[in-house]
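The sequence and structure come first, and the description follows.

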Amino acid sequence: MEDFEKLGVFYLGRVYDLSANKAKDDLLLYDSKDLTTHGVCVGMTGSGKTGLCISIIEEAAIDGVPSILIDPKGDLANLMLTFPDLKGENFLPWINLDDARQKGLSAEDYANKQAETWKSGLASWGEDGARIQRLKDAAEVLIYTPGSNSGMPVSILKSFAKPEAAIMDDSELLRERISTTVSSLLGLVGIEADPIQSREHILLSTIIDVAWRAGRDLDLAALIQQVQTPPVTKIGVLDLESFYSSKDRFTLVMALNNLLASPGFNAWLQGVPLDIGQILYTPSGKPRIAIFSIAHLSDPERMFFVSLLMNQILGWMRGQSGTTSLRALVYMDEIFGFLPPTANPPSKMPMLTLLKQARAFGVGMLLATQNPVDLDYKALSNAGTWFIGRLQTERDKARLLDGLDSAAAGGGKFDRKQVEGILSSLGSRVFLMNNTHEDAPEIFQTRWAMSYLRGPLTRDQIKTLMDPIKAAAPVPSGSSPSSPTASLAAGVGPTAAAGQPPALAPDISQFFIPLRGGLPSGSKLIYAPGIVGAAKINFSNSKSKIETVKNVVYAVPVTDDAIPVVWENASEVDVPANDLEKTPAKDAIFAALPSAASISKNYSGWEKDFDTWLYGSQRIDLLQSPSLKQVSNPGEDERDFRIRLQQFAREQRDEMAEDLRKKYVPKIATLQERLRKAEQAVEKQTEQAKKAKINTAISIGSTILGAFTGRRVVSQASTAMRGVTRAMDESKDVSRAGETVDAIQKQLTDLQAEFESETAALSERIDPLSETFETLTIKPKKADISIQLVSLVWTPYWQDAQGKQTPAW
Ligand SMILES: Nc1ncnc2c1ncn2[C@@H]1O[C@H](COP(=O)(O)OP(=O)(O)OP(=O)(O)O)[C@@H](O)[C@H]1O
Ligand SMILES: [Mg+2]
C-alpha cells in the first residue's frame with residue numbers, strides 16, 4: 001500500500017510540465033478535506049472530466065467516503081466495471097463492439113487489447129490490480145434507476161411525506177422544500193409554473209403545507225383528492241372559488257391523475273425509498289457508491305428526480321452532526337440546465353442551499369460541465385476547487401475567466417492572466433487546478449482510472465450488472481411495527497358487556513390507550529382491562545460519560561387469578577404516559593373488570609412490584625469500540641454506530657495528518673534550502689556535479705513525503721528561506737554550503753523513513769467497520785427509578801364477526 005493511502009489525500013495524477021508536454025514525477029495528492037468546500041470541473045467534450053471525477057470517487061471510496069452520483073449520460077455506471085485480474089475475459093462482455101469492428105478485431109482480441117491497455121495504463125501511474133481490489137473491497141457500487149426496473153428501482157412515494165424535523169423546524173428550508181417539490185411535480189405534468197404567480201403552484205404548496213404542518217404525509221393520490229376538495233377555504237384574502245374555481249381545478253386534477261394513471265408511472269412508486277442514510281451505506285455500514293442513472297428519463301422527469309434527490313440529501317444532511325472531514329460526496333456529471341445563471345429550475349434552489357451549507361456537515365459537491373456559459377458563478381463562488389480542462393472556444397474561455405473573476409471577488413484567489421495563459425495550452429486529461437486551500441494553481445495530468453471507462457452503458461447492460469445484486473439482496477422492507485402481545489386481551493370474551501367503563505372508587509383513576517387507525521368494517525371495539533405503569537429511569541455510567549433518561553410505559557393484564565398482576569407478562573406501550581386518554585372511544589364494549597382492580601389499596605402493592613420488576617429487568621446495552629474508546633449512544637444501532645465511528649476515525653486521522661504536515665513541512669523546507677546552497681557550492685566546482693543536482697532534485701521531488709506536504713512547501717520554504725538567510729551569519733553560511741549534497745540527501749532519506757514509520761502507525765488503527773465491539777451494560781440503581789404512574793388502563797381491540805381480536809393500538 002502506498003503511504004499516501006493512509007493520509008486522507010486523494011491521488012489524482014501527476015504534476016504536468018506544460019513546456020515539456022509531459023507529466024513530471026511529482027504526484028498530485030489532493031487533501032480530501034478540501035472537497036468539503038466543493039469542486040467544479042469544466043472542460044470541453046473529451047477533455048477527461050468524467051475520467052477525473054470517477055477517479056475522485058474511487059479515491060473517496062478507498063478512503064471509506066460514500067458518494068451519490070447523478071449520471072445523465074450513463075458512463076458513471078462504469079464504476080461497476082472494476083477487474084482486479086485485468087484479464088481480457090473480464091472486459092469482453094463490456095467492450096464496445098463497434099470499436100472492435102472498426103479496428104478489424106474479433107471481440108476476444110479487442111477485449112484482450114483493452115485489458116492490456118488498462119493494465120499498462122494503470123502501471124504507468126503506479127497502480128495495479130491490487131489497488132482495484134482494494135477499491136472493490138472498500139465500497140459497494142449500486143446503480144439506481146428511478147422510473148425503471150433495469151437497475152435498483154427507486155420509490156418516490158416518500159417524497160411527499162412530511163420531511164425530517166431538521167427541515168420542519170426551519171421555516172426557510174420548509175418553504176424551499178415545498179416549492180421545489182411542487183415545481184418539479186408541475187414540471188412533470190408539463191406546467192411550467194412561477195411559484196409566486198401561478199395558481200397551480202400556490203394551491204399545491206398550500207395543500208402540502210397544511211398537511212405537513214398537521215403532521216400528515218401525502219402521496220400523489222391524496223394530493224389529487226385535495227386539489228378537488230382543498231383543506232382551506234381561503235387563499236390569501238380571496239375565497240378559494242374566486243381564486244381558483246373548482247371547474248378550473250378539475251383541469252389540474254386531470255393532469256395529475258393522468259400522470260398517476262400513466263402506465264410508466266408505476267415504476268416510480270416501487271423500489272427502495274429515497275432514504276439517503278440507507279442509500280449511502282449498506283445494512284452493515286459499509287460505504288456505497290450510489291449511482292442514480294437518469295439517462296433513460298425525459299427532461300422534465302430528470303428535473304423532477306434531481307430536485308427530489310437534492311431535497312432528500314439536504315434533509316438527511318441537516319440531521320447529521322457537524323464535522324471538518326469529508327463525510328460524503330455528491331457528484332453530478334453534466335449539470336447543464338440544472339444550475340443555470342438566470343433561470344430558476346426546481347433543481348437550483350436545493351443545489352444552492354447545499355453549496356452554501358453542506359460544508360459544515362462534511363458533504364462535498366462535485367459538479368461537472370462542458371458548458372462554462374451555463375453556470376451560475378455566483379452560486380459557485382463557494383466552490384473551493386476548480387478543475388479546468390481544455391476549452392473549445394474563446395467564448396467559453398472568456399466566460400469562465402469572467403465567472404472565476406466574479407467568484408474570486410468574494411474572497412477567493414485567482415490570477416486571471418496566469419490562468420488565461422495556461423488554459424490555451426491544455427491537452428486532454430490535463431487540468432488546471434485552482435484550489436483556494438493552496439497557494440498557487442497547479443497543472444496536472446489525471447491518473448489512469450481504475451474503472452474500465454468503456455463509455456455509456458445501455459439499460460440492458462445496467463440490468464445485467466444489477467440483476468445478480470438485486471437477486472442477492474432483495475429490496476429492504478421497512479421495519480414492521482411491533483405487534484403488541486395478545487395476552488392483554490386475555491380477559492375479553494363473549495362475556496364482554498356493552499356500555500360505559502365500570503364505576504370505580506374515586507381514588508382509582510383509569511386511562512384509555514389511544515386507538516390507532518380506523519374501524520375495520522364489520523368489527524367491534526372492545527376494551528380489555530389492565531394495569532399501566534409509567535416510570536422515568538436514569539441510566540448513568542460515569543466512566544463512559546453516559547447519562548440518559550428513558551421514559552417507559554408498560555401495560556399488563558389484570559386477572560381474577562390468585563396473583564392478579566404479574567409484571568413479567570407486561571408489554572411495552574409505545575404511547576407516552578401523557579398521551580393516555582381520559583375518556584374511552586365511542587361505542588366500545590368493556591370486558592368485565594376483575595375484582596382486584598376495583599380495590600384501591602391493591603394499586604400501591606402493584607406499584608411496589610412494578611418498581612422491583614423494573615429494577616431487575618431494565619438495562620441498556622451499549623456498544624463499545626475498544627480501539628477508538630467510543631461508546632454508542634442509547635438508541636443508536638450497530639450500523640449507525642459503525643458509520644459514526646468511521647467518520648470519527650476519519651476526523652482523527654485528518655487531524656493527525658495535519659500534525660504530520662506541520663511537523664515535516666519546515667523540516668523539508670530547511671533541508672531543501674540547505675541543499676540548494678550546497679548545490680550552488682558544488683556547482684561552482686565541477687560541471688559533472690550539475691548532473692548530480694538534477695538527480696537529487698528528482699529523488700526529493702518524487703517522494704511521497706514531498707507530495708504529501710506538497711505545494712504547501714513552496715510558500716513555507718520561502719518563509720523558511722528568509723529566516724534561514726537572516727539567521728545565519730556569513731561564516732556559518734559558508735560552512736553550511738560546504739556540506740556535501742550527499743549528506744543532505746541522506747538526511748532527506750532519513751526524514752522520509754521517519755515519516756514512513758509515522759504514517760505506518762496511522763494505518764495500524766483498527767477498522768471501525770469490522771472491529772469487534774464490547775458490550776457495555778448499564779443498569780439503574782434503585783434511586784434511579786422514579787415511578788410516575790400505576791393505574792387501571794383499558795386497552796382497545798378490534799373484534800371481527802368471527803370473534804377474532806386484533807390490537808387497535
Ligand atoms: N483518467 C482516465 N483514465 C483512462 N482513460 C481516460 C481517463 N480520462 C479520460 N480517459 C479517456 O478519454 C475519454 C474521454 O474522457 P472523458 O469521458 O472523461 O471526457 P469528458 O470530459 O467527460 O467528455 P464529455 O464532456 O463528452 O463527457 C474516455 O472515454 C477515456 O477513454
Ligand atoms: Mg463526461
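## The sheet of 11 strands

In this predicted model, 11 strands form an open sheet with mixed pairing. The strand order is β2-β1-β15-β14-β13-β3-β12-β11-β4-β10-β5. The strands at its edges are β2 (22-31) and β5 (140-144), and each of these pairs on one side only. From one strand to the next, the twist averages 25°.

Strand β11 covers residues 328-332 and is mostly covered, with five of its five residues buried. Its side chains point two ways: Ala 328, Val 330 and Met 332 point one way, while Leu 329 and Tyr 331 point the other way. The residues on both faces are buried.

Two parallel pairings involve β11. Strand β4 (residues 67-71) runs parallel to β11 and is joined to it by four bridges; here Ser 67 stands opposite Leu 329. Strand β12 (residues 363-369) also pairs with β11 in the parallel sense, over five bridges. In that pairing, Ala 328 has Val 363 in β12 as its bridge partner.

Several atom pairs link the ligand to the protein. In the side chain of Thr 45, an N or O atom is 2.5 Å from an oxygen atom of ligand 1. For Ser 47, a backbone N or O atom lies 3.3 Å from an oxygen atom of the ligand. A polar backbone atom of Ala 449 is 3.0 Å from a nitrogen atom of ligand 1. On its own, ligand 1 has 620 Å² of accessible area, and the protein covers 79% of that area.

## The three-stranded sheet

Another open sheet has three strands in the order β23-β22-β24, with antiparallel pairing. Strands β23 and β24 stand at the edges and have a single partner strand each, so one side of each is left without a neighbour in the sheet.

Is strand β22 (residues 620-625) mostly buried or exposed? Five of its six residues are buried, so the strand is largely enclosed by the rest of the structure.

Strand β22 pairs with strand β24 (residues 774-778) in the antiparallel sense over five bridges. Asp 621 has Thr 777 in β24 as its bridge partner, and Gln 624 has Glu 774 in β24. With strand β23 (residues 630-631), β22 pairs in the antiparallel sense over two bridges, and Ser 625 stands opposite Gln 630. The strands β22 and β23 form a hairpin with four residues between them. In its turn, Lys 629 has a positive phi of about 55°.

Strand β18 (residues 524-541) and strand β19 (residues 546-557) pair in the antiparallel sense, with 12 bridges between them. One of the bridge pairs is Lys 536 with Asn 551 in β19. These strands make up a hairpin with four residues between them, where Lys 545 takes a positive phi near 55°.

Strand β19 also runs antiparallel to strand β20 (residues 571-572), and two bridges join them. Here Tyr 554 stands opposite Glu 572 in β20.

## Asp 467

Where in the fold is Asp 467 placed? Asp 467 belongs to helix α17 (residues 459-472).

Key:
Residues are numbered from 1 along each chain as its sequence is written. Chains are lettered from A and ligands numbered from 1 in the order in which they are written. This is a predicted model: local features need pLDDT of at least 70, side-chain atom pairs count only at pLDDT 80 or more; totals for chains, interfaces and linings use all residues. Side-chain values use heavy atoms; hydrogens and water are left out. A polar contact is a pair of N or O atoms within 3.5 Å; within protein, one must be able to donate a hydrogen and the other to accept it, and residues adjacent in sequence count only if both atoms are side-chain atoms. Accessible areas come from the Shrake-Rupley method with a 1.4 Å probe; for residues, only the protein chains shown count as cover. Two strands pair if DSSP finds at least two bridges between them. Axes are lines fitted to C-alpha atoms, for helices over the stretch in contact, and angles run from 0 to 180 degrees between N-to-C directions. Buried means under 20% relative accessible area, exposed over 50%, partly exposed in between (1.4 Å probe, protein chains only).
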